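Subject: Structure for you to look at

Dear colleague,

I am handing over a structure, with some notes on what was found in it. Please open it first and then read on.

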Amino acid sequence: MNGDTPLLEVSHIVTAFDTEAGRVRAVDDVSFQVREGETLGIVGESGCGKSVTALSIMRLLPKPAGKILEGGVFFRGTDLTRLAPEAMRDFRGRRIAMIFQEPMTALNPVHRIGKQIGEVFRLHEARLSDTDIQRNAIEMLNKVGIPDPERRLREYPHQFSGGMRQRVMIAMALALRPDILIADEPTTALDVTIQAQILELMKALQRENGMAMIFITHDLGVIADVCDNVTVMYAGTVVESAPVRKLFASPKHPYTRGLLESIPRLETPRKSRLPVIPGMVPPLDALPSGCRFRNRCSMALPVCEAVSPHLKLTGEHHQVRCHRTSALT
Ligand SMILES: Nc1ncnc2c1ncn2[C@@H]1O[C@H](COP(=O)(O)OP(=O)(O)O)[C@@H](O)[C@H]1O
Ligand SMILES: [Mg+2]
């Protein structure tokens, strides 16, 4: 295979939902690439299309409402959107795994943790004996830092704290040594100290396995710590993408700048309120004309209402969708 082929390439995907109000495009022409071993951050406020992008890659969109209408998801050159369902099932877990924000919804409350981890091996590695499966499950729990794994395997999800449950989810996601892990707000539901521990764990496991990662968050603050590249999403579209250092050193899109200004810093006095971007992400059935961000943008020009901006290269590996920015460069 050509060394330039990315591990994962999302190419111009459009994902829509059929709703009572008609068809809405939750993801509208989104593209990005992830190379072997790299971490891409996807950031944006709630409702910007991050999870729908992840579910599109995994082909786990709610059926029958959700559909990928256009574009492709290429894993080492194979278009996953065209795979037969059985082939896709095999890709999931073994090649691409995903962890979710709220592990309680992904774990089955009535089964012991050991059985649920074992199930991953049973589904994908039919030749393993029960003893092998048990040994693998213990090894996985050890790896994610769960003390006393033999005992914990016999417990139920409600007997685990939020942080420990997320460790179990990470263990299940990594069980088959995937080439890429999609982590959708894996620490959002956790308190700050636990959040930091889980991030450290994920970074360590990633180094150990050499896997790539797509790290989804609404918090640009954690991106700097974890990611090589960043894609900023707004209302279903990519508004800026760049290597992480470049994005923090010279953010171009007014939306990215707004997100950066709202990251708490050590020197921020406790009581002072951080600036937040005024307004809200528009609902998909009421998108403004032209630039989707224009009615929240302090720099909007008349052209922003009339013409929808294209994503343009403003520097090496740095793309921006903004009339202002393209006029400046
Ligand atoms: N099942 C669904 N049916 C209709 N619209 C949906 C569905 N799931 C998500 N959406 C819409 O898609 C948009 C993107 O949602 P999502 O990807 O969950 O955002 P994020 O993960 O960035 O918070 C939102 O406007 C949301 O309301
Ligand atoms: Mg989400």
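In which sense do β3 and strand β8 pair, and over how many bridges? The two strands, β3 and β8 (residues 212–217), pair in the parallel sense over five bridges, where pairing requires that DSSP finds at least two bridges between two strands.

Please note that this is a predicted model, in which local features need pLDDT of at least 70 and side-chain atom pairs count only at pLDDT 80 or more, while totals for chains, interfaces and linings use all residues. Residues are numbered from 1 along each chain as its sequence is written, and chains are lettered from A and ligands numbered from 1 in the order in which they are written.

Strand β3 also runs parallel to strand β9 (residues 229–234), to which four bridges join it. I42 stands opposite I216 in β8, and its bridge partner in β9 is T231. Because five of the five residues of β3 (residues 39–43) are buried, the strand is largely enclosed by the rest of the structure; a residue is buried if 20 or more other C-beta atoms, placed from the backbone, lie within 10 Å of its own. T39, G41 and V43 point one way from β3, and L40 and I42 the other way.

Turning to the helices, α4 (residues 113–124) and α7 (residues 162–174) pack at an angle of about 25°, with their axes 9 Å apart, and they are therefore roughly parallel to each other, a term for angles under 35 degrees. I113, Q116, I117 and V120 in α4 meet V168, A171 and M172 in α7, with C-beta atoms within 7 Å counting as contact.

Best wishes

Technical notes:
A residue is buried if 20 or more other C-beta atoms lie within 10 Å of its own, exposed if 12 or fewer, and partly exposed in between; C-beta atoms are placed from the backbone. Axes are lines fitted to C-alpha atoms, for helices over the stretch in contact, and angles run from 0 to 180 degrees between N-to-C directions. Angles under 35 degrees count as roughly parallel, over 145 as roughly antiparallel, 65 to 115 as roughly perpendicular and the rest as oblique. Two residues are in contact if their C-beta atoms, placed from the backbone, lie within 7 Å.
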